[in-house]
Amino acid sequence: MSERRAAISGIGQSQVGRRLGRDPMELTLDACLDAIADAGLDRRDIDGLATYPGGWFGPRGFSGPGIPELQDALRLNLSWYAGGPELPGQLGSVIEAITAVGAGLATHVLCFRTVWESTAQGAGGRSGIGASAGGDGAGFRASGILEWTLPYGAASAAVWIALYAQRHMHEYGTTREQLAQIALTARRNAARNPKAIYREPLTLDDYLAARMISTPFCLYDCDVPADGATAVVVSRADRVRDLRRPPLRVEAVGSALRGRPSWDQFEDLTTMAMRDAGAMLWQRTDLRPRHVDVAELYDGFSFLALAWIEALGFCARGEGGAFVEGGANIALEGELPLNTHGGQLSAGRLHGYGFLHEAALQLWGEGGARQVAGDPRVAVAAAGGGPLAGCLLLVRD
Amino acid sequence: MRSVVSTLPRPDFRVLPLVTERNAHFWTGGAHGELRFLRCRACRHWIHPPSPICAVCLSRDLAVEAASGRARVASYTVNHQRWIPGFEPPYVVALVEIEEQPSLRLTTNLVRCALEDVRIDMPVRVCFEERDGVWIPLFEPDTETGR
């Protein structure tokens with residue numbers, strides 16, 4: 001498979017936190033220069049650039065600078081670049097870079113993702129999509145996918161994904177106590193991550209007593225908006241031998257979209273596009289789910305991580321609740337250490353890239369107090385919910 | 001969960017859709033008391049969201065047709081967060097599957113139903129809320145079908 005011509009050679013991350021008030025370009029530069037140095041490269045070596053979802057896209061704080069700004073700031077000599085939102089999830093931008101490297105269009109591609117949603121949110125609560133439609137924005141009319149949801153107050157992915165979680169509970173008997181384990185595990189791991197946003201202990205009682213957002217989701221089922229930038233360098237696997245790090249080979253990717261690309265028309269209400277991306281990943285490798293040492297799975301909402309666990313075949317369809325029950329399987333010392341940095345639920349919503357960063361860190365044995373024991377060599381990183389899904393299987397040989 | 005007598009009286013504010021030539025049948029069918037969709041005249045597939053082609057048989061011979069308005073709750077959530085000023089929680093957001101073609105779903109609000117009485121699989125029927133010439137399809141318990 002051509003993705004094996006690519007490897008992760010370096011990672012970088014800016015300061016991460018709440019309401020940092022820092023220029024998103026500065027965060028981006030911090031992460032990107034960190035990643036280039038981490039790989040043992042110089043900026044003159046970077047000949048490819050990829051980002052999701054492109055510059056200043058979406059609501060305020062959802063993205064930072066795009067390709068042209070970064071190219072200009074660092075005066076990069078690019079042979080290839082791509083930035084945009086219509087990809088297999090947030091990590092789709094990394095999959096694009098892998099594809100470009102495999103095709104010989106670039107040698108070292110810098111991939112980055114910047115968010116500053118916490119600063120953008122300010123002191124107020126988390127607002128809905130189209131929240132400004134009231135008051136000053138009274139003339140606003142919803143179109144595109146929002147046409148079918150905003151008139152009903154379904155103004156957040158929390159609502160859209162809650163509908164899937166509820167259906168999963170209905171069909172398979174999944175419980176809130178089971179779902180809670182995704183959040184509680186993330187918090188336990190975050191306590192060992194100095195960069196995580198929420199590190200204080202969280203109990204099942206705290207979880208069950210928290211205010212509801214959109215049933216069955218309570219506050220702790222929803223990730224925490226953050227400021228921060230993350231970067232990774234994707235390199236040609238035959239050009240990494242002299243670099244600083246042992247390369248992390250891209251063993252397989254999943255990028256499929258086979259169902260309807262919609263939050264409400266997808267045929268199966270207990271899974272999402274991740275079903276097909278996950279299946280595709282295993283079709284491209286001889287490795288099996290039992291070989292995975294670390295799983296970093298998107299948890300923008302707790303249920304998404306559970307759905308990824310099923311989609312990637314770590315348990316059978318519908319058995320995600322039983323798999324995470326009690327938390328033993330997904331604990332740091334468990335069979336499938338999950339979201340070892342604290343996930344987006346506790347470490348902060350770095351929007352997909354945080355999972356890849358953590359997967360690489362674990363494979364390099366640099367997880368510090370949260371390092372998975374036993375010299376992990378195989379990690380999966382996955383991101384996306386609803387119609388967005390992309391995943392990568394990384395191997396340190 | 002605390003009991004709330006009724007869900008969603010007419011909210012002070014709703015975000016309205018941008019009505020265009022392509023979707024007007026859906027957003028104004030309520031003026032005639034009808035839940036209207038495009039339907040393929042060749043293979044009879046109901047099409048939603050509106051598209052100029054039937055995704056099943058690729059026919060472009062489509063016509064607007066009224067569905068019965070009867071549906072079934074495929075999933076729901078009781079929303080407690082105030083996302084949009086003027087659209088005050090709690091309220092029920094549901095996914096309903098229309099009787100004629102369950103694969104066709106609508107995101108909607110359930111009305112005239114206590115929050116604690118909402119169930120997956122419950123039969124519902126369409127009703128409408130008019131604002132500025134837009135007829136928003138909503139759903140209420142269908143007590144007549146007795147299913």
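In the predicted model described here, strand β2 (residues 35-40) of chain B pairs with β3(B) in the antiparallel sense over two bridges, where two strands count as paired if DSSP finds at least two bridges between them, and where strands (E, at least two residues) and helices (H or I, at least four) are DSSP runs numbered from the N terminus. Within this pairing, L38(B) has I47(B) of β3(B) as its bridge partner. The three strands of the open sheet follow the order β3-β2-β4 in chain B, with antiparallel pairing. Because β3 (46-47) and β4 (62-67) of chain B stand at the edges with a single partner strand each, one side of each is left without a neighbour in the sheet.

Residues are numbered from 1 along each chain as its sequence is written, and chains are lettered from A in the order in which they are written. As the model is predicted, local features need pLDDT of at least 70 and side-chain atom pairs count only at pLDDT 80 or more, whereas totals for chains, interfaces and linings use all residues.

Between the chains, 37 residues of chain A are in contact with 30 residues of chain B, contact being defined by C-beta atoms, placed from the backbone, that lie within 7 Å. On the side of chain A that touches chain B, at least two residues each are supplied by β5 (141-142), α5 (157-172) and β6 (212-214) of chain A, and the largest share, seven residues, comes from α5(A). Strand β5(A) is also joined by two bridges to strand β1 (residues 16-17) of chain B, the two running parallel, and R141(A) stands opposite L16(B) in β1(B).

Notes
Contact = placed C-beta atoms within 7 Å.
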